[in-house]
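Thanks for coming. I will go through one model, starting with the ligand site and then turning to the strands.

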Amino acid sequence: MEKMMSKIIQLDEHLTNMIAAGEVVERPSGIIKELVENSIDAQSTRIDIETLNGGLDLIGVSDNGFGMDEIDLHQAFMRHSTSKINKAQDLNHIRTLGFRGEALPSISSVSKVKAISNQHEIHLDNGVASEVRATSSNQGTSIWVSELFYKVPARLKHLRSPQYEGVRNLSVIQNLALANPHIAFSLTSDNNLVFQSSGKNDLREVFYQIYGAQYANQTVLFDHKSNDFKIFGLYVLPHYHRANRNQIHLFLNHRLIRYPLITQTLLREFRRYMPIDRYPMIVLNIETDAQLVDVNVHPSKLEVRLSKEAELLMLIEKTIHESLKQQMKSKEITHSVFEKPMTVSLFDEPLFIEEEFKSPRPLETESIDVVNEVKPSSWINVIGQHHGSYILAQDEEFLYIFDQHASMERINFEKVLVKLDKDQHDQQQLLAPYVFENRLLMMDNIDESLNRLESFGLFLEPFSQKDLILRSIPLWMNDLDPLNFVNLLLDDISKDVASLNHKKLATIACHQSVRFNESLSQLQLQHIVDQLFHCEQPYHCPHGRPTFVKVSAKNLLKVFSR
Ligand code: ADP
Ligand code: MG
């Protein structure tokens with residue numbers, strides 16, 4: 001047989017850098033993140049970022065950190081060059097955000113770069129470096145990236161509109177600012193200042209810069225520690241909730257992380273006070289010894305591995321649980337319905353098992369009658385409330401257990417639907433308009449979204465460069481809290497504009513005025529039950545969860561072997 005030629009070659013440095021660039025610098029926001037993280041590692045107290053055309057034309061990052069000398073400025077752009085680790089053991093306790101020595105060579109392999117640091121300057125054109133020259137400059141480092149991917153058309157194709165990239169850029173800077181309130185950040189996009197933080201180490205101030213006064217005024221600070229962890233941060237009181245988890249910010253030793261188990265723990269606590277398909281707004285900082293963290297799991301360093309995870313989860317759960325309980329208690333009506341609490345324990349198995357219903361589940365227990373499609377004719381009398389969540393009621397034949405939240409959702413849902421059909425276009429002028437701070441900046445499909453909302457009588461207008469303003473509300477929105485409701489709509493519309501229709505609007509609206517874990521008077525409970533049976537479809541909430549179950553007297557007799 002003919003001898004095969006060997007085919008394996010070692011890739012040259014430029015090619016390796018271009019491949020690495022795919023992982024680290026997929027889009028402008030990735031480049032901004034790497035550059036700003038370098039500035040943070042250089043102990044900067046002020047970092048200014050500018051972009052043109054969503055970063056596609058220019059990204060500039062300037063800091064006042066310790067900078068680089070002439071030799072390092074050249075070395076920094078070589079592959080696997082880093083000042084942050086120098087031996088294998090260093091990987092076990094990484095205290096800097098960077099350490100892989102990949103960002104600068106990757107970025108400069110797919111763009112034009114100009115870098116100035118401590119009176120020296122270097123230029124790179126798709127990986128080809130100039131000499132380092134002396135220049136005049138302040139203490140610190142400035143790096144400009146232009147003509148991104150102009151020699152890598154395949155990557156260029158993956159970039160989206162400048163608006164879309166701009167939204168991602170803003171989000172990266174906001175997260176870095178939340179993680180580092182002691183650093184003053186500014187982001188200028190096409191010569192407009194779109195974000196600024198003061199660097200006064202005030203987390204609430206940074207939160208305010210991102211979400212505006214209405215939310216910042218509703219924040220609660222928390223902090224706590226265990227043997228190995230310290231946690232601190234803030235959350236918005238749970239009567240404000242959002243349509244997605246983008247407002248849950250998790251940081252570990254100042255690094256933005258994804259950590260599904262932590263998110264789940266938070267959701268479990270918050271959903272005692274908010275609908276199960278809603279998300280809280282929260283900033284959670286975790287500090288721990290760098291030895292307990294493995295950040296070398298993922299190229300973009302978003303995912304980390306933690307030792308003593310259980311200890312941390314417990315700490316978070318306890319802290320948030322206690323804080324929420326404290327906050328929500330002061331607002332509770334303490335009217336008690338009964339002298340003695342009434343406990344009804346009918347079965348070994350709880351009636352509802354799932355925390356999150358995906359679809360209606362028929363209950364097929366022998367001793368429970370699943371509600372069928374016949375509305376009761378006789379009058380149903382409320383006998384009491386269980387755990388602030390269930391309404392107990394009876395008629396001649398049955399004992400009823402209503403899920404209070406699901407029932408109220410159904411009632412509100414149908415109310416909104418009726419109103420939407422009736423007075424969609426009649427407007428009520430507001431004395432003081434509502435301003436949705438920074439929401440314009442966060443939208444990448446502005447015209448389409450605003451047009452769609454207009455078709456439901458919701459006239460949001462761009463206001464300043466950043467905000468949206470609402471000067472009147474359609475009558476169908478009368479009973480809703482405009483801040484909460486419109487923010488939810490905007491969260492939702494960013495995913496899929498076309499899917500917004502009457503039903504969807506009503507589903508989003510129906511959570512409003514639903515009370516969680518709250519004691520209500522017998523009269524209020526009776527009112528809920530009565531209204532529910534006036535609904536066209538009383539048996540399920542708009543998400544498909546059952547609103548009530550009933551047990552017949554006959555079956556009770558059986559259960560107690562009478
Ligand atoms: P890494 O951050 O993983 O070390 P980079 O490629 O991002 O790798 O940066 C290479 C090196 O360049 C850094 O280790 C650091 O010494 C230096 N450097 C980069 N940016 C700055 C900056 N803004 N200020 C000071 N030094 C910097
Ligand atoms: Mg770096």
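Helices and strands here are DSSP runs, H or I over at least four residues for helices and E over at least two for strands, numbered from the N terminus. This is a predicted model, where local features need pLDDT of at least 70 and side-chain atom pairs count only at pLDDT 80 or more, while totals for chains, interfaces and linings use all residues. Residues are numbered from 1 along each chain as its sequence is written, chains are lettered from A and ligands numbered from 1 in the order in which they are written, and side-chain values use heavy atoms, with hydrogens and water left out.

First, the ligand. Which helices each supply at least two residues of the shell around ligand 1? They are α2 (28-41) and α4 (103-109), and α4 gives the most, with 3 residues. In total 20 residues surround ligand 1, the closest being Asn38, Thr82, Ser83, Lys84 and Gly101; a residue is near a molecule if one of its heavy atoms lies within 4 Å of it. The shell divides into 7 nonpolar, 9 polar and 4 charged residues. Nonpolar here covers Ala, Val, Leu, Ile, Met, Phe, Trp, Tyr, Cys and Pro, charged covers Asp, Glu, Lys and Arg, and the others, Gly among them, are polar.

Now the polar contacts, meaning pairs of N or O atoms within 3.5 Å. A nitrogen atom of ligand 1 is 2.9 Å from an N or O atom in the side chain of Asp63. On the backbone side, an oxygen atom of ligand 1 is 2.7 Å from a polar atom of Gly101, and an oxygen atom of ligand 1 is 2.9 Å from a polar atom of Leu104. Taken alone, ligand 1 exposes 530 Å², of which the protein buries 94%; areas come from the Shrake-Rupley method with a 1.4 Å probe.

Next, the strands, which pair if DSSP finds at least two bridges between them. Strand β1 (residues 46-52) runs parallel to β8 (residues 184-189), joined by 6 bridges, and Glu50 stands opposite Thr188 in β8. Thr188 also has a bridge partner in β9, Leu193. β8 and β9 form a hairpin with 2 residues between them, and Asp190 in the turn has a positive phi of about 45°.

Last, an open sheet of 5 strands has the order β10-β11-β14-β12-β13, with mixed pairing. β10 (219-225) and β13 (255-256) are at the edges with a single partner strand each, so one side of each has no neighbour in the sheet. β12 (residues 248-252) and β13 pair antiparallel over 2 bridges, and the bridge partner of Phe251 in β13 is Leu256.

Definitions and conventions. Polar contact = N/O pair within 3.5 Å; in protein donor to acceptor, adjacent residues only side chain to side chain.
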